[in-house]
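Notebook open, model loaded. I wanted to look at some helix packing and then at one helix by itself.

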Amino acid sequence: MIKHFWIGLIACMLLPHPVDSAEKKVDFNRDIRPILSRNCFQCHGPDSTHREADLRLDLEQGLKSKSGDESIIRPGHPEQSLLFERITSNDPDLVMPPADSGKSLKPAEIQLLKQWIEAGAPWSKHWAYLKPQATPAPEVKNQSWPVNWIDHFILSRLEQLNLQPAAEADKVTLIRRLSFDLTGLPPTSQEVDQFVKDQKPQAYEKLVDRLLASPHYGERMAMYWLDLVRFADTVGYHGDQDHHISPYRDYVIRAFNENKPFDQFTREQLAGDLLSEPTLQQKIATGYNRMLQTSHEGGVQRKEYLAIYAADRIRNFSGVWMGATMGCCQCHDHKYDPYTIKDFYSLVSFFADIDEDQHLKRGSDRIPTIREPEIFLYSDQEQKQIAEIESNIKTAEQALKKTKDEQEQKQLKQQLDQLKKTRAAIDRSALKTMITVSIQPREIRVLPRGNWLDETGPVVQPAIPEFLGTLKTDNRRLTRLDLANWLSDEDGYGLLTARVMANRFWYLFFGHGIAPVLDDFGGQGGPPHHPELLDQLALKFYQDQWDVKQMVKFIVMSRAYRQSSLETAGQRKRDPFNQMLDRQARFRLPAEMIRDNALAVSGLLVTDVGGPSVKPYQPEGYYRHLNFPKRTYVADTDERQWRRGLYVHWQRQFLHPMLKAFDAPSREECTAQRPRSNTPIAAMTLLNDPTFIEAARKFAEDVLQNGGDSDTEKIRYAFSRATSRAPEEMESEVLIALLNSNRKAYQSKPKEAVALTKAGLAKTNPELNAVELASWTEVTRALLNLNEVVTRN
C-alpha cells in the first residue's frame, strides 16, 4: 500500500503543470506536437536530406503509415503502435530517441502520447499555419469583472481552474504602469495627483488616450521595433564603422505617433522605393533593407558576402514578419518546420534588386562608411541656403561665359570656388541616410549546403514558401512590393502576420507572449497558452485596418491588464509562470527606460523627439580594441548627454556598457524578446555610471530647493518623486539614518563633498552647501537604485 502511494505521488509530480489539470482532453497542437518536435523531428521531420528510415512524423500520413507490417500509430491501440513500442523499449538499440541523440522522453510525455493514441490519435495542422478562427467570447460566472472580451477569455479559463483574478491595482500603480508601457517615462507628481483625485468613471480611459497622444508614445514603440529590425549606428563586421541610418529611427517614431497602419508601415520599409511617386519619408523607410551587418574590409570576397548578406536579410525578414526561423534553411531544409532550402533562396530573390555591391567596390576604413545609395536630409534653413548658393553659382557661371576681362574672370572663378566650398560644407554637416533604390536583379541560385562557391544549384525566381501557396504575377517577375502586400493580404499571409504582431503587443503589456516564443511560431516555439484569445486579437488587428493604437488601447483597457501584480503564495504555487494571467506581470524596465527614468526624476531629461544619435558618458578606453580605423570615444559635452536612451549611439561590437548591463541587444540579429538578468554589474552601473551620479546630484539639488524645510519633508518629497507614492514610516527612518551618516562622513571630508558637487556637465547651484548637497546625493542615489524604481509593476 505504501509502495503504491509513493508511485502515485511521483507520477503526479511528473504530470504537466496543475493549471492545465482542468483540461483533460489531450490536444495535438498543445500537448503532442511539441513532444514530437523536441524529440523526433530532427531525424523524422521536414528535412528530406537527413531524414532517417524514410519516416516523417510531422505529417499525419507519416504518423499513421506502416513500417513493414507494423503501424507507426494504430489509433486507439498504443500497445499495437510501433511508436509507443519504441519510446517505451528497454533495449538501447531500439529505444527512441536513441541514446546518442542527447534526448529522452519524460514519463509524463510518454503518458501523454499514450493518452493521445488511446483517444484515436487525432491530428491537426500546425496552429501557426492555420488562419485565425473567430470564436465567440465565452460565458463567465462573474459578469461584473469583464470590461471587454479579452476578460471573458481570461476569466473563463480561470473559473475552469478554480482560480481567481487579482484585484485591480491601485491608481498610483496604474498610472506608473501605463506611463512606462505607453511612453517609457514615469508620470510626474502632478499627473499622479490629478489621476488619483479624478474619481470619474472615464478617468482611466482619459489617461490612456492622453498617453497614446503623447509624442513619447512613438519613442516607446520604436524601442521595440528597432530591436526587431536590428537597428544600429554601425556596420557590425570587421571595423564596425559608423554608417548613416539615424533618420530611419525617426521615421519609425513618426510612424507610430501618426498611427500609420501596420500594413502600410510594412510596405514602406520593404518596398517604399517601388511605390508610385514615393515620398521622402517612404524613401527613408527603405533604410530597413540596408541595416544588415556589412563588411568594409578591403579584401572582402564579393560572392561570399553577398551570400552572407542574403542570409542575414531572410533571417530578419522571416523573424520580424512571419515569426519563422528561416535562417535554418540557408544550408538545408528546415528540420522542424515545412520550409525548404528552395523557399529560402526564393525569398532571397525578392531582394536581389537591392544594390549591395557599391561598398564592396569601394572598401574603406573611413568613418562614416560609404553605403550608397544614400540621400541628404536638409533642414529648412539648409534648403534655403542651398537654393541661394546654387542660384549664385548659376549666375556666376553665366557671367564667366560672357566676360572677356581676365581680372573679372579671375574674380568670378574665386567666387565660384568659394560658393562650391560653402555648398560642400553644407553636405558635410547635413544628415544622410541609406535608402533602397531598385536595380536590375542579380541571379539567385540555391546554394547547396549554403556554399557560396557551389554554383550547381538551380536558379530560382521570387516566390513565397511553397506550402503557403503561390503568388500570381501576370507573367512578370515578383517584387518586394508583391511580398509586402502578401504579408498583409487576407488571402496571403495577412492573418498570420496579424497573429505574430498581436502576440508581441501582448508581450509588451503583460511581460510575456500568449505564444511563448515571439519570433518562432514553428515546432520549437511552443503553442499559445490562450489560442482562442490570440486568434481573436489577430482578427481584430486585421479587421481594424491594422490600427496599432486601437489594438494597444483595447489591450490596456481590459480588466486583465489592470490587475495587481502582487502575487499570493497560492498563485505562485498553482501558476508560477502566470500563464493563466490571474495577475499582472512585474518585471525590470528595459535598459533605455531605466536611464530615461533616472534622468526624468532628476529633471535632466531632454525630451526633444528625433535627431542624430548621441554619445553619453562611457568608460575611457572602452573602444581600445576597435580598429580600421582606431578611434577614441568622445562623449557629447552639451545637453545631448541627457537625451533618451533610444537615441544613444548603438555600436554593435561595443554596445554602451550601461545598455549592455541591462540586457539591451547588440542588434546583430532580430531580438523579439530581451532577456532579463539580475547581476552585480547592473547594480554597480546604477551606483557608479556618471549619468546616474549626475542624475542623483541634480535630483538632490531639486530636493534641497523644493522639498520643504525639514528632513522628513524632503525625504517624503524625494521618495514620491522617485516612486510616485509616499514613504512608509520605516522607509523614512532608513533614509534619514542614511542621510545623517553621510552628513557626518562628508563633514569630516569636505573636499570630497565639493568634488562630488562640481564633477561632470550637470552644473549645480553654487549657493547650495556642498556637504548638504553631497549628503542628499547619497540619499537620491539610493532612491534611484530601489527595485521599485527600476521595476514595472
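**Helix pair, then helix 7**

I started with helix 15 (residues 302–322) and helix 20 (residues 480–488), which pack at an angle of about 30 degrees with axes 11 Å apart. Axes here are lines fitted to C-alpha atoms over the stretch in contact, and angles run from 0 to 180 degrees between N-to-C directions. That makes helix 15 roughly parallel to helix 20 (angles under 35 degrees). I listed the contact (heavy atoms within 4.5 Å): F317, W321 and M322 come from helix 15, and L483, W486 and L487 from helix 20. By class I got 6 nonpolar, no polar and no charged residues; Leu, Met, Phe and Trp are among the types that count as nonpolar.

Some bookkeeping: this is a predicted model, with pLDDT of at least 70 needed for local features and 80 or more for side-chain atom pairs, while totals for chains, interfaces and linings use all residues. Residues are numbered from 1 along each chain, and side-chain values use heavy atoms, without hydrogens or water.

Next I checked helix 7 (residues 149–160; helices are DSSP runs of H or I, at least four residues). Its 12 residues should span 16 Å at 1.5 Å a residue, and the end C-alpha atoms are 17 Å apart, which agrees. The expected span takes 1.5 Å times one less than the number of residues.

Last, the ends: a side-chain oxygen of N148 reaches to within 3.1 Å of the backbone nitrogen of I150 at the start of helix 7. After helix 7 comes N162, with a positive phi near 60 degrees.

Key
Helix = DSSP H or I, 4+ residues; strand = E, 2+ residues; numbered from the N terminus. Polar contact = N/O pair within 3.5 Å; in protein donor to acceptor, adjacent residues only side chain to side chain. Parallel < 35°, antiparallel > 145°, perpendicular 65-115°, else oblique.
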